[in-house]
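User: I would like to learn how to read the packing in a model like this one. Take me through it feature by feature.

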Amino acid sequence: LAQLMQIVAGAWSMALTIHEKMSRQPDPDVTTPLSPDEIFTITLYSFDLGHLHPAKENFYFFFNKVALREKERAVVRAVEPYLAVLHAAMAKLRPRAGRVFRGISLGSVAEADQLKAQYEIGTQVNWNSLVSTSSDPQVADAFQKQVAGGATGVSFVIEAVCARDISKYSSLPNESELVFVDLPSHFLVVP
């Protein structure tokens, strides 16, 4: 983690500030207080710089797509220490149940059609990454964007059983983010 802390000093600084705040006002939604390293992993996970950098330079994109979905061995080995601490941190957060929302932007009409075919009612879907959602539907809507050909992004409404609320530790607390941490995360498509 030390190398990541140096590379993404802004996330480390945020994590230390959050840890100091939690030392003064303990979080009732954790089973055991999180260490600065554990807070850093959550802060870094939420440290989405997509609006500043191309996706390939974005840690969130890199971590979820390249390391978890595509499972490139060298990348997975490189992020294993980070992933171990992140899972330890998430395990300390009490599971939350309730309705959450996820917005996904799509690049084309063909991509939208392909996605629809994967999500037929009654189908079990597995996502091989951490799944970020929000308790605020407007946040999910913001992740959708208009694309060529009249297609738009997709919004999922999910009845969560065990999502972890990371908003108090996030670099973007206004996103009201809840994360599914099981790999893969399983969902059943219902009407």
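This is a predicted model: local features need pLDDT of at least 70, side-chain atom pairs count only at pLDDT 80 or more; totals for chains, interfaces and linings use all residues.

User: How many residues are in the largest nonpolar core, and which have the most contacts inside it?

Analyst: The largest nonpolar core has 27 residues. Ile42, Leu86 and Tyr169 have the most contacts inside it. Next, ask who supplies the residues. Helix H2 (9–24), helix H3 (36–45) and helix H5 (73–92) each give at least two. H5 gives the most, with six residues.

User: What does a second core include?

Analyst: A second, separate core has 16 residues. Among them are Val131, Phe156, Ala160 and Val189.

User: Back to the helices. Where is Ile18 found, and is Ile18 buried or exposed?

Analyst: Ile18 is found in helix H2. Burial is read from relative accessibility, with under 20% as the cut-off. Ile18 has 12%, so it counts as buried. Ile18 and Tyr169 are 151 residues apart along the chain, yet their C-alpha atoms are separated by 6.5 Å. Ile18 touches Tyr169 and also Ile39, Thr43, Lys168 and Ser170, not counting residues up to four places away.

User: What about His87: which helix holds it, and which residues does His87 touch?

Analyst: His87 lies in helix H5. Its relative accessibility is 28%, so His87 counts as partly exposed. Beyond residues up to four places away in sequence, His87 touches Leu130, Val181 and Leu183. His87 and Glu38 are 49 residues apart in sequence, and their C-alpha atoms are 8.8 Å apart in space.

User: Now the rings. How many aromatic pairs does a search of the whole structure find?

Analyst: A pair of aromatic rings is described by the distance of the centres and the angle of the planes. The search finds six pairs here. Take Trp127 and Phe156: 5.3 Å centre to centre, 80 degrees between the planes, edge-to-face. Then place the pair on the chain. Trp127 is in strand S2 (residues 124–127) and Phe156 in strand S4 (residues 154–165), 29 residues apart. Trp127 counts as buried at 13% relative accessibility. Phe156 counts as buried at 14%.

User: Why is the pair of Phe180 and Phe187 edge-to-face?

Analyst: The planes of Phe180 and Phe187 meet at 80 degrees, with the centres 5.2 Å apart, so the pair is edge-to-face. Both Phe180 and Phe187 are buried. Step back to the wider group. Ring pairs link Tyr119, Trp127, Phe156, Phe180 and Phe187 into a cluster.

User: Which charged end sits over the ring of Trp127?

Analyst: That of Arg102, 5.3 Å from the ring centre.

User: On to strands. Which way do the residues of strand S5 point?

Analyst: Sort the residues by the side they face. In S5 (residues 177–180), Glu177 and Val179 point one way, and Leu178 and Phe180 point the other way. All of these are buried.

User: How many bridges join strand S3 to S5, and how many join S4 to S5?

Analyst: Four bridges join S3 (residues 131–134) to S5, and the two run antiparallel. Two bridges join S4 to S5, also antiparallel. Then read partners one by one. Val179 in S5 is the bridge partner of Ser132. Val179 is also the bridge partner of Arg164.

User: Where does Ser176 lie, and what is its phi?

Analyst: Ser176 lies in the loop between S4 and S5. Its phi is near 50 degrees, a positive value in a residue other than glycine. Ser176 has a relative accessible area of 23% and is partly exposed.

User: Finish with the whole chain. How many helices and strands are there?

Analyst: Seven helices and six strands. Along the sequence the pattern is α-α-α-α-α-β-α-β-β-α-β-β-β. Buried residues make up 39% of the 191 residues. For contacts between residues at least 6 apart in sequence, 80% join residues at least 24 apart. The chain exposes about 10,600 Å², and carbon and sulfur atoms supply 56% of it.

Definitions and conventions:
Residues are numbered from 1 along each chain as its sequence is written. Side-chain values use heavy atoms; hydrogens and water are left out. A nonpolar core is a set of buried Ala, Val, Leu, Ile, Met, Phe, Trp, Tyr and Cys residues joined through side-chain atoms within 4.5 Å. Buried means under 20% relative accessible area, exposed over 50%, partly exposed in between (1.4 Å probe, protein chains only). Rings of Phe, Tyr and Trp (its six-membered ring) pair if their centres lie within 6.5 Å; planes under 30 degrees apart count as stacked, over 60 as edge-to-face and the rest as tilted. A charge sits over a ring if NZ of Lys or CZ of Arg is within 6 Å of the ring centre and within 35 degrees of the ring normal. Two strands pair if DSSP finds at least two bridges between them. Contact means heavy atoms within 4.5 Å. Accessible areas come from the Shrake-Rupley method with a 1.4 Å probe; for residues, only the protein chains shown count as cover.
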